[in-house]
Amino acid sequence: MKHKQESDIVVDDMHRQTTVIKTSELINPHFKALWNTKCPYVIAEGGRGSFKSSVISLWLVMALKRQTQEHHHANIVCIRENQAYLRDSVYEQILWAIDMLHLTSEYRTYKSPLKIEHIKTGSAFYFYGADDPQKLKSNKVSDIIGVWYEEAANVKSAEVFDQANPTFIRNKSPYVDDVKVFYSYNPPKNPYDWINEWIEKKRNDKQYFIDHSTYLDDELGFTTQQTLDLINSYKENDYDYYRYLYLGEAVGLGTSVYNMDLFKSVQNIGELPDDDHIVMLRFSADVGHSVSATTVGCYGITYKRRLVLLDTYYYSPEGKAHKLAPSELAPQIHDFIQDMQHKYPWPTDMLIMDSAEQALRNEYNRRYNVDWWNVRKLKKVDMIDRVQNVLAQGKLFYLPTETNLNYFIPEHQKYQWDEKTLQSEKPEVVKVDDHTCDQLQYLVRSSEDELGINW
């Protein structure tokens, strides 16, 4: 009879049948050292698709299982940068791990607030957003055995860890030596981002175990061929972006924001690759004021999740004695949209505008009873990264219309990072002639699912 490995788990179901689940079949050999480390702090960073989050979730579920088998009460805290992101990420990841370990019948779930509770012992996984550091600091959960900061690079700063961890450690379970604190994330592109500098300070700290993983570490074949094909498309189109996204390298920002070779011109929509075709229209607006331009892009999203810039509306008040008010801009934009809808008769499912712009939004609604969709903006570097993701997949096309060639393409060609901010935690772009750049970012940010952005 074979003996079970130390990290295997024994599950007794309701019919008293015993199943041994081999963790060696769920966890790639690369993660053996991470799994077994005695260090209280574990940093798991690297490229996307490396399964580091899967490994951490399995470790945490197994750690809680060991405690409940001894009839101990124990708790684990899981954290994302924003409470709104918890349910679709770390919460679902823990449920996945529970299911993989055949433990679903032992737990019940709560949606408001999010909690996954062990039925017999009352032990639980608690989920918090780091957007309220004081709430973390005043956390009342007791008997803690583990903490997980998922997407740790997205919290505001290391101060979030410094404020919250002492509370978690103070509420440690008496049945463990340490509260195990996990940090998982994909390194930001900017080498001067706070978390890239933070991890360098931790490399010589003996309390920290640091692991770097990529999809290339998948020896068990979890990565599907479809995913490999997608990864190769990034690798072929934009090698630096591939290094950042899938190898987890801080490749730097450079000075120019975009690789213009990835903006692909087609003479007409019939030239799209693979007999692809447009299925919907979306319009995206960046609104200027007395000295800056207002622009609206008309985009087609295709069946195969490509993006086609069909045409651009562009109004600049520069050098004009009379500058258009919202009451004058609204009819012009409405005419542009109607012209596009007549020329390209696919359904329009969204009009997108910066939520900070109210005057034109209200005027448009008053005249045409149409509401524009509020874009949920991120930090500028993250907004740009979404566009680079689309470009690196070879998915952005444009028609060579007069306005596209006179405004959209030149503005993207000139779009640059401010060199004075490159060696800082918060790099900024040069805010000159960037209006079509902004409206493209709004469009992509609001269309991540439709464009198949790998995030």
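Let's start with strand S9, which covers residues 180-185 and is mostly covered, with 6 of its 6 residues buried. Keep in mind as you look around that this is a predicted model.

How does a strand end up hidden on both sides? In a regular strand the side chains alternate between the two faces of the sheet. In S9, one side carries Lys180, Phe182 and Ser184, the other carries Val181, Tyr183 and Tyr185, and all of them are buried.

Now look at the strands that pair with S9. One of them is S3 (residues 41-46), which pairs with S9 in the parallel sense over 5 bridges. Follow the chain from S8 through helix H5 (residues 159-170) and on to S9, and you've traced a right-handed β-α-β unit.

Next, jump along to a pair of helices, H9 (residues 326-343) and H10 (residues 359-368). Their axes come within 9 Å and cross at roughly 65°, and the crossing is right-handed. On the H9 side, the contact is made by Pro326, Ser327, Leu329, Ala330, Pro331, Ile333, His334 and Ile337. H10 brings Ala359, Leu360, Glu363, Tyr364, Arg367 and Tyr368 to meet them.

Terms used
Residues numbered from 1 in each chain as written. Predicted model: local features only at pLDDT ≥ 70, side-chain atom pairs only at ≥ 80, totals over all residues. Heavy atoms only, no water. Axes fitted to C-alpha atoms, helices over the stretch in contact; angles between N-to-C directions. Helix = DSSP H or I, 4+ residues; strand = E, 2+ residues; numbered from the N terminus. Left-handed = near helix turned anticlockwise from the far one by under 90°. Contact = heavy atoms within 4.5 Å. Buried < 20%, exposed > 50% of the residue type's maximum accessible area, 1.4 Å probe, protein only. Pairing = 2+ DSSP bridges. Right-handed = clockwise from strand over helix to strand, strands pointing away.
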